[in-house]
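Try each task before reading its solution.

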Amino acid sequence: MEQTTYFEDYEIGSSRLTSGRTITETDFVVHAGHTGDFFPHHMDAEFMKTTPFGQRIAHGTLVFSVGVGLTASVINPVAFSYGYDRLRFIKPVFIGDTIRTRTTIAAKEDDPKRPGSGRVIERVEVLNQRDEVVLAADHIYIVERRPG
């Protein structure tokens, strides 16, 4: 779906919550293959039984990728991603956990490089099935100002 939302239209404090997605062993294996990260924390169940976690933990970058992907439901043709700041892996995610993502508009500011646009900072929080925040980041968008 496409929806044009200009810089002026974003309201600080507005939020949305995505649907959920259960993390599977296949996700672990595919992500390890894509990234080359075969660390035992993600791939060795017997090793992880000897740790305080007791089981394999999802790659932080897997949780980030899926969590951000869940938010990709509306295309705004006057905005683009400028990047992410303050990315934190707060709690582990395990095989069988279901995650969803809450986004909240946290701030708006001028863009010093682009006078016809502004920056919108969206707080991204990935939640597990117990509504615990497992990942947090600030997503920065460059958004065009309303013409005229």
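The exercises below go from the whole chain to single residues; the model is predicted.

**Exercise 1. The chain as a whole**

Task: State how many helices and strands the protein chain has, and in what pattern they follow each other.

Solution: 
- Step 1. Count the elements. The chain has four helices and six strands.
- Step 2. Read along the sequence. The pattern is β-β-α-α-α-α-β-β-β-β.
- Step 3. The C-alpha trace spans about 65 × 30 × 25 Å along its principal axes.
- Step 4. Look at burial. Of the 148 residues, 38% count as buried.
- Step 5. Residues 24 or more positions apart account for 70% of them.

**Exercise 2. The largest nonpolar core**

Task: Find the residues with the most contacts inside the largest nonpolar core, and the element that gives the most to this core.

Solution: 
- Step 1. The largest nonpolar core has 13 residues. Those with the most contacts inside it are I23, V63, V93 and I99.
- Step 2. Two elements give two or more residues to this core: α4 (60-70) and β6 (133-144).
- Step 3. α4 gives the most, with five residues.
- Step 4. Take I23 as an example. Leaving aside residues up to four places away in sequence, I23 touches F28, L62, V66, V93, F94, I95, G96, D97 and I99.
- Step 5. Another core lies apart from the largest one. This other core has six residues, including F7, I105, V120 and V143.

**Exercise 3. Helix α4 and its neighbours**

Task: List the buried residues of α4 and the elements they pack against.

Solution: 
- Step 1. L62, V63, F64, V66, G67 and L70 are the buried residues of α4.
- Step 2. They pack against the strands β2 (21-22), β3, β4, β5 (117-127) and β6, and against the helix α1 (25-35).

**Exercise 4. An aromatic pair**

Task: Work out why the pair of F64 and Y84 is edge-to-face.

Solution: 
- Step 1. The structure holds one aromatic pair.
- Step 2. The ring centres of F64 and Y84 are 4.9 Å apart, and the planes stand at 85°. Planes over 60 degrees apart count as edge-to-face. The pair is therefore edge-to-face.
- Step 3. F64 lies in helix α4 and Y84 in strand β3, so the pair ties together parts 20 residues apart in sequence.
- Step 4. Check accessibility. Y84 counts as partly exposed, at 29% relative accessibility.

**Exercise 5. The largest pocket**

Task: Describe the space in the largest pocket and the residues that line it.

Solution: 
- Step 1. The largest pocket holds about 570 Å³ of space.
- Step 2. It is lined by 24 residues. The closest to its centre are Y10, R16, V74, E122 and Y141.
- Step 3. β1 (15-17), β3 (79-89), β4 (98-110) and β6 each give two or more residues to the lining. β3 gives the most, with four residues.
- Step 4. Sort the lining by class: ten nonpolar, ten polar and four charged residues.

Methods
Residues are numbered from 1 along each chain as its sequence is written. This is a predicted model: local features need pLDDT of at least 70, side-chain atom pairs count only at pLDDT 80 or more; totals for chains, interfaces and linings use all residues. Side-chain values use heavy atoms; hydrogens and water are left out. A nonpolar core is a set of buried Ala, Val, Leu, Ile, Met, Phe, Trp, Tyr and Cys residues joined through side-chain atoms within 4.5 Å. Buried means under 20% relative accessible area, exposed over 50%, partly exposed in between (1.4 Å probe, protein chains only). Contact means heavy atoms within 4.5 Å. On a 1 Å grid over the protein atoms alone, a cavity is a set of points where a 1.4 Å probe fits but cannot get out, and a pocket is an open set with protein on both sides within 12 Å along at least five of seven lines; lining residues have an atom within 4 Å of a point. Grid points are joined across faces, edges and corners, and a volume is the space filled by probe spheres set on the points. Ala, Val, Leu, Ile, Met, Phe, Trp, Tyr, Cys and Pro count as nonpolar, Asp, Glu, Lys and Arg as charged, and the others, Gly among them, as polar. Rings of Phe, Tyr and Trp (its six-membered ring) pair if their centres lie within 6.5 Å; planes under 30 degrees apart count as stacked, over 60 as edge-to-face and the rest as tilted.
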